[in-house]
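Subject: Structure handover and notes

Hello,

My notes on it come after.

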Amino acid sequence: NRNNLSFYLKHWLIISFVFKLLGLNLIKFTSWFKAMQQAIIDFHLDDEQHWVAQLACGHNQHVRHTPPWQNRPWVLTKEGRDKKLGMMLECKLCDAL
């Protein structure tokens with residue numbers, strides 16, 4: 001609604017002003033929070049029989065189904081995994097680089 005927009009605009013202007021005073025670039029700072037997204041290109045099982053997604057960047061990431069913490073029932077079937085090929089995942093290793 002209009003009041004929320006006004007609220008966020010005022011705060012954005014204040015934050016922008018503070019960043020400018022500190023000599024920081026707000027756009028570069030906010031891009032730091034964006035996660036590096038990579039496509040799933042394949043799956044394999046690790047030594048403990050947990051499913052791992054192979055990402056386009058060459059890194060791997062576990063895609064466990066351990067409810068209630070991680071709810072990924074699709075990983076339990078070949079059909080479910082096949083449907084997720086091409087899905088974007090955050091690559092924690094690319095983010096760290």
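Residues are numbered from 1 along each chain as its sequence is written, and side-chain values use heavy atoms, with hydrogens and water left out.

Confidence

The mean pLDDT of the chain is 81, and 77% of the residues score at least 70; pLDDT is the predictor's confidence in each residue, from 0 to 100. Confidence is highest in helix H3 (residues 78-84), with a mean of 95, and lowest in helix H2 (residues 26-31), with a mean of 56. Where pLDDT is low, the predicted coordinates should not be read in detail. Helices (H or I, at least four residues) and strands (E, at least two) are DSSP runs, numbered from the N terminus.

Core

The largest nonpolar core has 11 residues, among them Ile40, Phe43, Trp51, Val75 and Cys94. Such a core is a set of buried Ala, Val, Leu, Ile, Met, Phe, Trp, Tyr and Cys residues joined through side-chain atoms within 4.5 Å. Two or more residues come from each of E1 and strand E2 (51-55), and E2 contributes the most, with three.

Ile40 is in strand E1 and is buried, at 2% relative accessible area. The cut-offs are under 20% for buried and over 50% for exposed, with partly exposed in between (1.4 Å probe, protein chains only). Beyond four places in sequence, Ile40 touches residues including Ala53, Leu55, Leu85 and Leu89; contact means heavy atoms within 4.5 Å. The C-alpha atoms of Ile40 and Met88 are 6.3 Å apart, although the two residues are 48 apart in sequence.

Gln38 also lies in strand E1 (residues 37-45) and counts as buried, at 14% relative accessibility. Among its contacts outside four places in sequence are Leu55, Cys57, Met88, Cys91 and Cys94.

Surface

Ile14, Phe17, Val18, Leu21 and Leu22 make a nonpolar surface patch of about 530 Å². Patches are made of residues with over 30% relative accessible area and no salt bridge, with like charges joined within 9 Å and nonpolar side chains (Val, Leu, Ile, Met, Phe, Trp, Tyr) within 5 Å. Accessible areas come from the Shrake-Rupley method with a 1.4 Å probe, and for residues only the protein chains shown count as cover. Ile14 belongs to helix H1 (residues 2-22) and is exposed, at 52%.

The count of salt bridges is one, where a salt bridge is a side-chain nitrogen of Lys or Arg within 4 Å of a carboxyl oxygen of Asp or Glu. Lys78 and Asp82 form it, at 3.2 Å from N to O. Both residues lie in helix H3, four residues apart, about one turn of the helix. Lys78 is exposed, at 52%, and Asp82 is partly exposed, at 38%.

Backbone

The peptide bond from Pro67 to Pro68 is cis, with omega near 5°, and Pro68 sits in the loop between strand E3 (60-62) and H3. Gln49, in the loop between E1 and E2, has a positive phi near 65° although it is not glycine; Gln49 is exposed, at 55%.

Regards

Definitions and conventions:
Predicted model: local features only at pLDDT ≥ 70, side-chain atom pairs only at ≥ 80, totals over all residues.
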